[in-house]
Amino acid sequence: MIDRLSTKREAASTATTTSAAGSSGADRWHDLADRVLAGQRLTEDEALAILASPDDELMDLLAATYRVRRRHFGNEVQLYFLMNAKSGLCPEDCSYCSQSKVSEAEIPRYNLLDEQKLMDGARIAAERQAKTYCIVISARGPNEREVATIESIVPKIKSAYNLKVCACLGLLRPDQAQRLAAAGVDRVNHNLNTSEAYYGDICTTHTWRDRVGTLEAVRDAGMEMCSGGIVGMGERDADVVEMVFALRDLGVHSIPINFLNAIPGTPLAGISRLNPRYCLKVLCLARLANPASEIRIAGGRELHLRSLQPLGMYAANSLFVGDYLTTKGQPAEDDYRMLADMGFTVARNPEPGTVLAGCSSAT
Ligand code: SF4
């Protein structure tokens, strides 16, 4: 796997860096941003050129990408708060995941939390200025009791707090998606994680197509789709490009970009060779390929972006505040300070009953 990582990254680094616009430096990235702002879709060559761009053009690439971010989201940042509502115990074999059946990682293992604990999580999400409360379970898909618990708790959360609710429950059948929508779930997360071609290298117990099927069920039920990926699993640049294009073609609303935190005890432990500059290029790619979608810097942010975290916000417009599913995030106060130092503001949900004149993020 590690050999594959190095050979594929080498191959990718030979990809042309002149195909984005035929010019160099600031001009070609601003020309590319101009085309995206005019409504053109990124081509595959342009996308590969972003990932293979020289480091000395990174600030130009970020500046150009920021123009697209600003068009759709201004200087606002959407915060999300994660609740690991059921930990470990998953029968799937996703090789990046500390909760899979093949993981020997030392993590808490517990069944679905009771309603009081789920409500406590919602209170913390509201206190931390999160716009969305994400309820996540480790599972191939939810059982009847888990769907019924979500149906019961979501109306209570919404009557107590001004929060959107995102559910991440694994693979969903259309009837399950319909029930979640009827209960008031705003959005469902189900990550594609990587390209269809590479998916078999990271998981054998379900397919990339299975995941697409869940997203289609979510969309057909009238909920928003949240789906993103993990970078740093040994995939090629072409796999990253294929994934962000697939998310674009599905019309995904919210795209979390994770940078692999190769947790000891998981099959991918020790594989990650990301550097902060490459991570920033991935965020620029995600934004330029999906101009109006939320781009969230997700797991691995602190580990891989390190001191360059603030630069990521010129491409992304969203963060998780607090901890991830089985790993620690940085203190929320550090995030608030970073955003304030940048002059960015935390977006809040409109109060219930507010009539909106228009939606700037849809233009
Ligand atoms: S289905 Fe989800 S919880 Fe289960 S192993 Fe895969 S990523 Fe982890």
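Predicted model: local features only at pLDDT ≥ 70, side-chain atom pairs only at ≥ 80, totals over all residues.
Around the ligand lie Cys 90, Glu 92, Cys 94, Tyr 96, Cys 97, Ser 100, Ser 138 and Ala 139. By class, this shell comprises five nonpolar residues, two polar residues and one charged residue.

Packed helices are described by the angle between their axes and the distance between those axes. Helix H5, spanning residues 115-127, and helix H6, spanning residues 144-160, have axes that come within 10 Å and cross at roughly 40 degrees. The crossing of H5 and H6 is right-handed. On the H5 side, Glu 115, Leu 118, Met 119 and Ala 122 take part in the contact; these residues meet Thr 149, Ser 152, Ile 153, Lys 156, Ile 157 and Ala 160 of H6. The residues of this contact are divided into six nonpolar, two polar and two charged.

A further packing involves helix H4 (residues 58-73) and helix H11 (residues 276-289), whose axes lie 10 Å apart at an angle of about 35 degrees. Here the crossing of H4 and H11 is left-handed. H4 contributes Leu 58, Leu 61, Leu 62, Thr 65, Val 68, Arg 69 and Phe 73 to the contact, while H11 contributes Arg 277, Leu 280, Lys 281, Cys 284, Arg 287 and Leu 288. The contact of H4 with H11 contains eight nonpolar residues, one polar residue and four charged residues.

Technical notes:
Residues numbered from 1 in each chain as written. Heavy atoms only, no water. Near = heavy atom within 4 Å. Nonpolar A, V, L, I, M, F, W, Y, C, P; charged D, E, K, R; others polar. Axes fitted to C-alpha atoms, helices over the stretch in contact; angles between N-to-C directions. Helix = DSSP H or I, 4+ residues; strand = E, 2+ residues; numbered from the N terminus. Left-handed = near helix turned anticlockwise from the far one by under 90°. Contact = heavy atoms within 4.5 Å.
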